[in-house]
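Please walk me through this model in the viewer, one selection at a time. At each stop, tell me what to select and what is found there.

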Number of protein chains: 2
Amino acid sequence: MSEKHLKAGDPLPPYNGKLRLFAMRFCPYAERSVLVLNAKNLQYDLVFINLDSKPEWLFEFNPKGSVPALEYEQGKAIFDSAIINTYLDEKYPEVPLQATDPLRRAQDKVFVELFLGAHSSFYVAAFNPDGFQPSHLEAYSKGLERLEKELEVRGTKFLHSNEPGLVDYTIWPHLERFESLPLLGKADMAIDGTKYPRVTSYLEAMKQVPAVKQYYLSAETHAKFVESKTKGEANYNMLDTSDVCCMRPRKKKQ
Amino acid sequence: MSEKHLKAGDPLPPYNGKLRLFAMRFCPYAERSVLVLNAKNLQYDLVFINLDSKPEWLFEFNPKGSVPALEYEQGKAIFDSAIINTYLDEKYPEVPLQATDPLRRAQDKVFVELFLGAHSSFYVAAFNPDGFQPSHLEAYSKGLERLEKELEVRGTKFLHSNEPGLVDYTIWPHLERFESLPLLGKADMAIDGTKYPRVTSYLEAMKQVPAVKQYYLSAETHAKFVESKTKGEANYNMLDTSDVCCMRPRKKKQ
């Protein structure tokens, strides 16, 4: 699979009848939908988008120009990871990813909302370190504490159950990136196994989930992308090897 | 019903076994949940919150301290209008408010997302007029154009069907407030019946829906609240008559 990100002027790849997700390789929100597509064993194509130079046709699929957007039928799309994932779970119920109890489904969403406070802090720490305040560290710890407590209260391997579900696939992309913080000069944001034993086991268990494993990127890779972005030119194509292995060898873009 | 907004130091009213919604009388997001509770003919109590001086106990129901929050069982709550309303629709299916087709449900949510661009412009026009830019007027018109077109494409009286549904109850609180803009010095943001004939009929039809009618406030009332807020002291209790009619008459607060 090409990991090349399309930019303004690039043509839309031909539609081949499969579900197609417009994404960005390092975007946690796009990853949420990738994980759900994987977990449901659905056939799909990924189209990666350079978010600093968006192809014009992206706006035909999503007037907001954000990713993820899911082309469910040629030329027709829905967007927003929560909308896409709920749709996928309802449309393809063979592998159900949500609780059957309406209250539990609501509580899962509430948990995600509260956990996102930690993601906001991650985002400032990684991409805007000069703006980092003690309140950010506090919100980050609060998010991890909530996760620790929720895992304790639920008593299951994952939040959904002993199998991962939508709630797990929704928060995972954020956690995957949290692990890059020590490499970005934020040693105090490392997830301490003594303080957060359940979170630590959860992280390891999630990394073994097939849907996660096939899209997982290491802390080092995430840190490299962050560094390229904070230096002023996000290196969207850092994982792309499509030029290297094609028939007409071209110099690999750095 | 008392329309008095509780503030820091005020005690939590005793729980009486009913669903209880923490709201603010002029908050469009809280109104979304009020309308769904009404549409489903559910028994509930409203607890109004002074958002400039939040009672301490609000944070026990919602750590974010926002409204709406729904106490579904004594001391236990969920929050966020979208989470609450989906929960209510799934938990109390007697009056279903969503389409049965997963794609249509997703499309309804996408429509709401896109329509909210108009709300953002309303918000700036009403509460921060000095920050109002031509792009805000453009986004506002775009939202109304989308609604006009969607009503045309769907061909039904409401967006949901010939009966209003969740999508209608979700956008209505914003539209109700848009009508106050001409009274706030934004004559160019009046909804022009020539340009938006379907939106105009839709507004009139929505005002006749029982769930809407019993909570509706006029453009004049919304404008008065906005004016009190922009003057620096939001008059949360402007509709409260509980002091007037109680046994020990007290001077009505203005």
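Which residue of β5(B) is the bridge partner of B:L70? Select B:L70 and look across to β5(B): the partner is B:I78. Keep in mind throughout that this is a predicted model.

**The sheet of chain B**

Stay with this pair of strands and select β4(B), residues 69-73. Strands β4(B) and β5(B) run antiparallel and are joined by 4 bridges. Now widen the selection to the whole sheet of chain B, an open one with 5 strands in the order β1-β3-β2-β4-β5 and with mixed pairing. At its edges stand β1 (5-6) and β5 (76-79) of chain B; each has a single partner strand, so one side of each lacks a neighbour in the sheet.

Select α4(A), which lies across β4 and β5 of chain B and runs at about 65° to β5(B).

**The interface**

Select the residues of each chain that touch the other. Chain A and chain B each bring 21 residues to the contact. About 2100 Å² is buried between the two chains, and carbon and sulfur atoms account for 69% of that area.

For the polar side of the interface, display the residue pairs in polar contact between chain A and chain B; there are 6, with both residues at pLDDT 80 or more. On the side of chain A that touches chain B, the elements giving two or more residues are β5 (76-79), α3 (81-91) and α4 (102-127) of chain A. The most comes from α4(A), with 9 residues. Colour this side of chain A by class and it divides into 11 nonpolar, 2 polar and 8 charged residues.

Then turn to the salt bridges, of which 4 are counted between chain A and chain B. For one of them, select B:R105 and A:E90: the closest N and O atoms are 2.8 Å apart.

**The sheet of chain A**

Hide chain B and select the strands of chain A. They form an open sheet of 5 strands, ordered β1-β3-β2-β4-β5, and the pairing is mixed. Here β1 (5-6) and β5 of chain A are the edge strands, each with a single partner strand, so one side of each has no neighbour in the sheet.

To find a bridge by residue, pick A:L6, whose partner in β3(A) is A:I49.

Helix α1(A), residues 28-39, lies across β2 (19-23) and β3 of chain A and runs at about 155° to β2(A). Helix α3(A) lies across β2, β4 (69-73) and β5 of chain A, running at about 115° to β5(A).

**Backbone stops**

Select A:P68, in the loop between α2 (58-61) and β4 of chain A. The peptide bond leading from A:V67 to A:P68 is cis, with omega near 0°. Bring chain B back and select B:P68, in the loop between α2 (58-61) and β4 of chain B. There the bond from B:V67 to B:P68 is cis, with omega near 5°.

Return to chain A and select A:D80, in the loop between β5 and α3. Its phi is near 90°, a positive value in a residue other than glycine.

**Last stop: A:K157**

Which residues does A:K157 contact, leaving aside its neighbours within four places in sequence? First find A:K157 in the loop between α5 (134-154) and α6 (166-178) of chain A. With those neighbours left out, its contacts are A:L151, A:N162, A:Y202 and A:A205. Finally, select A:M206, 49 residues away from A:K157 along the chain; the C-alpha atoms of the two are separated by 9.4 Å.

Definitions and conventions
Residues numbered from 1 in each chain as written. Chains lettered and ligands numbered in written order. Predicted model: local features only at pLDDT ≥ 70, side-chain atom pairs only at ≥ 80, totals over all residues. Heavy atoms only, no water. Contact = heavy atoms within 4.5 Å. Buried area = accessible area lost by both parts, 1.4 Å probe. Salt bridge = Lys/Arg side-chain N within 4 Å of Asp/Glu carboxyl O. Polar contact = N/O pair within 3.5 Å; in protein donor to acceptor, adjacent residues only side chain to side chain. Nonpolar A, V, L, I, M, F, W, Y, C, P; charged D, E, K, R; others polar. Pairing = 2+ DSSP bridges. Axes fitted to C-alpha atoms, helices over the stretch in contact; angles between N-to-C directions.
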